[in-house]
Amino acid sequence: MTWTHRELEARVAAHGRGHRAGSPSGLELKRFRCELDAALHASQVHRVLVLGMTPELRGLVLDSSAVLVSMDVNPEAIRLYVDWVPQNSAETILEENWLSLDRARHGYFGAILGDGILPNLLTKTEQRKLISRMAACLATGGAVIMRHPILPDSEDLRAMYWKDLCRQLRSGNIDPDGYGLTMRLWGFAQELGVLEDGVLDNKAVFERLATLLEQAEISEQEHDYVQRFRYLGHNLFFDLHALEGMTRDAGLTMADHKVSEGFWNSYYRMLTLKCVQ
Ligand SMILES: C[S@@+](CC[C@H](N)C(=O)[O-])C[C@H]1O[C@@H](n2cnc3c(N)ncnc32)[C@H](O)[C@@H]1O
């Protein structure tokens with residue numbers, strides 16, 4: 001299991017409950033809310049699926065008074081986050097793989113929400129399968145609403161080389177979250193050949209970081225900011241064009257919302273995949 005207790009805890013604020021990394025920002029949550037309201041209104045199905053246990057997304061759904069189903073394959077994640085939303089709430093938690101999603105068993109949803117879900121699936125076939133399973137479970141008018149990292153082109157990637165990110169952090173141009181997340185995803189992507197096949201080996205990233213710390217190229221604090229986004233598994237990324245194709249093949253239309261808050265918004269997009277017929 002790649003999402004162990006240590007990875008999950010790394011994202012939690014030192015003072016207890018509350019995310020300090022890896023969760024949507026205030027502006028992103030506003031966009032989630034806006035798209036969620038539109039999908040519930042258009043579909044008239046007040047039932048929402050959240051993929052993963054992201055507390056901010058589950059809270060948003062409960063605020064909207066829709067019925068919530070949350071799905072995560074990992075009992076550690078369920079245990080850690082279960083009580084971060086009100087306990088008397090209309091939530092059903094399913095300990096299941098997202099790829100088991102099935103209309104006959106799970107029914108129709110007015111919206112499906114997720115934060116960084118697709119890159120957890122390590123083949124194009126699996127990502128296509130999840131998109132088409134989500135499409136099959138959407139009521140007409142419904143939508144998949146997700147925050148999703150897209151593979152940057154080579155020019156953008158060059159600008160996110162670890163040395164440049166350190167320079168930007170030190171001169172105050174990016175904040176610790178923008179730096180930490182971007183370092184993990186793209187700081188070493190050129191060196192690791194991510195553009196060749198879209199695969200990021202996060203273990204190699206964290207090994208590089210340990211070496212940089214040892215060589216005093218980065219400080220303890222600069223090392224710590226990235227540890228908040230600790231993850232040692234692999235990820236698979238596609239560029240926006242490829243993702244749009246996969247979405248279209250599943251019969252959904254894609255809208256890409258520009259949220260201009262964090263440094264990460266250039267590649268971490270807010271996407272709505274709509275079921276229009
Ligand atoms: C939604 S993702 C990313 C969360 C957040 N954006 C971050 O970076 O911290 C993390 C969650 O997905 C779950 N997960 C990963 N692959 C899964 C799968 N195939 N089926 C169900 N849950 C999965 C993990 O157990 C973990 O709790």
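So, the two domains: the centres of domain 1 and domain 2, taken over C-alpha atoms, sit 25 Å apart. Domain 1 is 5-150 + 238-274 and domain 2 is 154-236 in the domain assignment of the protein chain, with bounds that come from an automatic or database assignment. Bear in mind this is a predicted model: local features need pLDDT of at least 70, side-chain atom pairs count only at pLDDT 80 or more, and totals for chains, interfaces and linings use all residues. Numbering runs from 1 along each chain as its sequence is written.

What does the contact take from each domain? It's 17 residues from domain 1 and 17 residues from domain 2, where contact means C-beta atoms, placed from the backbone, within 7 Å. On the domain 1 side, helix α1 (residues 5-10) gives the largest share, three residues. Helices here are DSSP runs of H or I, at least four residues, and strands are runs of E, at least two, numbered from the N terminus.

Okay, on to the strands. β4 (residues 109-115) and β5 (residues 138-149) pair in the parallel sense over six bridges; pairing needs at least two DSSP bridges. In that pair, Gly114 stands opposite Met146 in β5.

Definitions and conventions:
Two residues are in contact if their C-beta atoms, placed from the backbone, lie within 7 Å.
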